[in-house]
Amino acid sequence: MSVCSVRKMAVVWPWLLPLGLCLTTTPSVQAEHLPIKTYTTADGLVSNRISRIVRDSRGYLWFCTEEGLSRFDGYSFTSYTVDQGLPDNEVNDLLESRDGAYWIATGKGLCRFDPRGMPLAGRQAPLGFQSSGNAQPMFTLYRPGDERRASAIRTLYQDRAGTIWCGTWQGLYRVEQAGDQVGFLYVDIGMPKNEPRTHIVRDILEDGRGILWVTTDSGLYRRFGDGHAERFTTRNGLSSNIIMGIVEDREGRLWIGDRYGGLCRIVRDADINGPIVARRYSLREGLTCAQVAALYQSHDGRLWIGTDCGLWEMTPGTDDTGRKIKSFLGAEILADPRVWSLAEDTDGTLWIGSAGGAVKVSRGGLSTYTEADGLGARDVVSIIESQSGEVCVETRSPPRAFVSRFDGRRFSSIELKLPKQGASYDWLILPQNKNGEWWLVTTAGLWRFPVTGSVQELTRPPREALYTIKGGPLASRGFSAYEDSHGDIWISVGGEKRLLRWERRTAILHAYSEAEGMPPIGEFADSYCEDGAGNLWVALNEAGVARYSNGRFRLFTSADGIPIGVSRRLFVDSKGRLWIASSKGGLGRIDDPTADQPQILTYTTAEGIASNDVWCIAED
């Protein structure tokens, strides 16, 4: 997890984070928080029901749907349907063969696809289409035969020898090519002849030893190089004869999706009369439903399981006891929890083909946390890192105040025990200072908590309250706060537009006035920093920038060269230069902030910055 450390006391503007907390994450953070984006027909997909996702050698993603074929280039979709010459809108699979040809499995035959070919006469070309000028059609149709079930092609596969296999509703076929001629040879693998409706081929895989595995609605088939085939069914330990996907992992283990029995690791060298299932992962092992539809192993070795109730992941392990299944995305996040296909793009981002669209799951990026993850409330005021390295988040739900501690996965929250006279929700908690103290600014005054080793100890009430020099309350909320190098605390009071300082040496809270050089306009302070000589600089909103030195303030305005507009942020870089972010005048730079009359250099759009409205400054 990457979090910006708070080196000085500051406050995050509460209205910037009204709906929860976002943190940058790495794949170690809980997957259900990973950022996802769902693409549907509203984004250009030809259909929301996606049966297969395929990545080609050029990095394009192809989405096979029941209403046509869509290609995604990272920005937009290009779709192909019967309007461009497809024989049928039902597209079940796509194969890019090693010679660069595209083959498409449709409900009415096998198509050879030339992306730059001509659509059928009178048909509409896809958006962005550019013809190569040849007379070749965009789609050339081939059928295994006149039988309707044989022409309904379900899956495509090319083995190491270059042979293309077609899995159809009528069984297994081998594609035979001679020049421009394409033929089909039916391959008998021993399907029951009296059960023609179980001849549907779901998936095909050649394992590391050259054995062809075929998953069907009549069981799992193993075909050897000499053509001999064997069939495994419920009598061999399968829960049903409908077998979906098949995957060989990096260790050479074979996994199948038993349609009604979960995920199974199978015995590669199983005897035809013995058990085929070596280990089953189903309801007792963590799946909430056993209806498996798709399997996929990602580049990091994780095995992904698509089911009718969402996506699950199995972490890699050397044996069955080391592998664990846990839920990844379910019905609470997916528009439709039925996961039918899985793939990765060139960046390693996981894509899910479901019955409700295509879902892109980034393995890193921004993650969102709410009360469901342990936050006390969604109104996030600030993010704090304690001396012990705990990441703490200040939230509020008026009149209650919370501090939530992050343990790497979720938050645990405590409610602050506010003093009765400080029960107003106008409060501001300050990061733990170098002495280990925590401070709370309320309308009743400035409260100090005991020195703590953990944020959990903040459940104890504060031991003392420090009020204004008149002994009364602050009367309005603290707008921002800062601890300087002396351990003194500076507080800007919003409603009264006053600047206060709690001096550690005297434990007195002092309000600054014109006698100390504060401008008479009474603007509140927005940002603070110290220069190399220990002088405090304060951004006074529209009044300009003030420097506090030797017990007095000196105001610098646009007449002195300060950029016009609201001075939003101050920053001192590693070279000791002071930078000023302005709302209208761009960026200001003071190379010697200690000079009696500092020289101010400004940068605006004339010098190349994108806008004169600057919000913040950081040094890399």
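Predicted model: local features only at pLDDT ≥ 70, side-chain atom pairs only at ≥ 80, totals over all residues.
User: What holds strands of a sheet together in general?

Analyst: Strands in a sheet pair through hydrogen bonds of the backbone, and the pairing can be parallel or antiparallel. In this structure, strand S33 (residues 400-406) and S34 run antiparallel and are joined by five bridges.

User: What is the order of the strands in the open sheet that holds S34?

Analyst: The order is S31-S32-S33-S34, four strands with antiparallel pairing. Strand S31 (379-385) and strand S34 (411-415) are the edge strands, each pairing on one side only. From one strand to the next, the twist averages 25°.

User: Let me try another sheet. In what order do S7, S8, S9 and S10 come?

Analyst: That open sheet of four strands reads S7-S8-S9-S10, and its pairing is antiparallel. Its edges are strand S7 (91-96) and strand S10 (139-142), each of which pairs on one side only. On average, neighbouring strands in this sheet are turned by 25° against each other, with direction ignored.

User: How many bridges join S7 to strand S8, and which residue in S8 stands opposite Leu95?

Analyst: Five bridges link S7 to strand S8 (residues 102-106), and the two run antiparallel. As for the residue, Leu95 has Trp103 of S8 opposite.

Technical notes. Residues numbered from 1 in each chain as written. Heavy atoms only, no water. Pairing = 2+ DSSP bridges. Axes fitted to C-alpha atoms, helices over the stretch in contact; angles between N-to-C directions.
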